[in-house]
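Hi there,

Here is the structure I promised to pass on. Please have a look, and my notes follow below.

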Amino acid sequence: DWNLRLYTTPNGLRLLATHRPFSADEPEVRQFFTAVGTDPVYVRMCLNQRCFRARLTAKPWRIGIAAHLRPRPGVWPVDPARLPLREQWVAEYESKAVEFAACRFVESLGSGKVHRDLQQVMELHDRESRADRRTLALA
């Protein structure tokens, strides 16, 4: 009954289950994470934040931006006096990030089912991560 969308990332694989919504703390999720060898840090983040996470944009250091988001720490709201510094960092990041994808769709495995409540999530993920843009480098 399961359907998984498989993606490659710069440092491994990503799976998106589409056949039904899950809560991060469900026993079935823990069993699945164990079965596929999910990164323990990712598992901990999902449980602590009660959600699933997937990076949709390139990591800055993978596209040649060594400096961290400024000002540091990245606390919101940003002091108005420091906002130009943040805007400059964001502008540099966005100008470089357009050349990269966060992941690349490989194939759909299983039933092919996409639950109606997950259709928009899947579309948003694929659009924002540029998963179908095969000419873009992964970052």
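Let me start with Glu28, which is partly exposed, with a relative accessible area of 30%. On the scale used here, buried means under 20% relative accessible area, exposed means over 50%, and partly exposed lies in between (1.4 Å probe, protein chains only). Please keep in mind that this is a predicted model, in which local features need pLDDT of at least 70 and side-chain atom pairs count only at pLDDT 80 or more, while totals for chains, interfaces and linings use all residues. Residues are numbered from 1 along each chain as its sequence is written, and side-chain values use heavy atoms, with hydrogens and water left out.

Salt bridges

Glu28 forms a salt bridge with Arg20, with the closest N and O atoms 2.8 Å apart. A salt bridge here is a side-chain nitrogen of Lys or Arg within 4 Å of a carboxyl oxygen of Asp or Glu. Arg20 also meets the side chain of Glu26 in a salt bridge, again N to O at 2.8 Å. Within it, Glu26 is buried at 19% relative accessible area, whereas Arg20 is partly exposed at 27%.

The structure holds six salt bridges. One of them joins Glu92 and Lys96, where the closest N and O atoms are 3.5 Å apart. These two residues are separated by about one helical turn because they sit four residues apart in helix H3 (residues 83-97). Helices (H or I, at least four residues) and strands (E, at least two) are DSSP runs, numbered from the N terminus. Glu92 is partly exposed, with a relative accessible area of 35%, and Lys96 counts as partly exposed too, at 29%.

Helix H4

Which residues of helix H4 are buried? In this helix (residues 119-129) they are Met122, His125, Asp126 and Ser129. Seen down the axis of H4, they fall within an arc of 90 degrees, so they line one face of the helix; the arc is that of the directions from the helix axis to the C-beta atoms. These buried residues pack against strand S1 (3-9), strand S2 (12-17) and strand S3 (100-101), with contact meaning heavy atoms within 4.5 Å. The face of H4 turned away from its buried side carries the exposed residues Gln120 and Arg127. Just after H4, Arg130 takes a positive phi of about 60 degrees.

A surface patch

Strand S2 also holds Leu15, which is partly exposed at 34% relative accessible area. Leu15, Val36 and Leu109 form a nonpolar patch on the surface, with about 210 Å² of accessible area together. Patches are made of residues with over 30% relative accessible area and no salt bridge, like charges being joined within 9 Å and nonpolar side chains (Val, Leu, Ile, Met, Phe, Trp, Tyr) within 5 Å. The areas come from the Shrake-Rupley method with a 1.4 Å probe, and for residues only the protein chains shown count as cover.

Cysteines

How many disulfides are there? With a disulfide taken as a pair of cysteine sulfur atoms within 2.5 Å, the count comes to zero. The sulfur of Cys46 is 6.5 Å from the closest cysteine sulfur, in Cys51, which is too far for a bond. Cys103 is in no disulfide either, as the nearest cysteine sulfur, that of Cys46, is 15 Å away. Cys46 is buried, with a relative accessible area of 0%, and Cys103 counts as buried at 0% relative accessibility.

Best wishes
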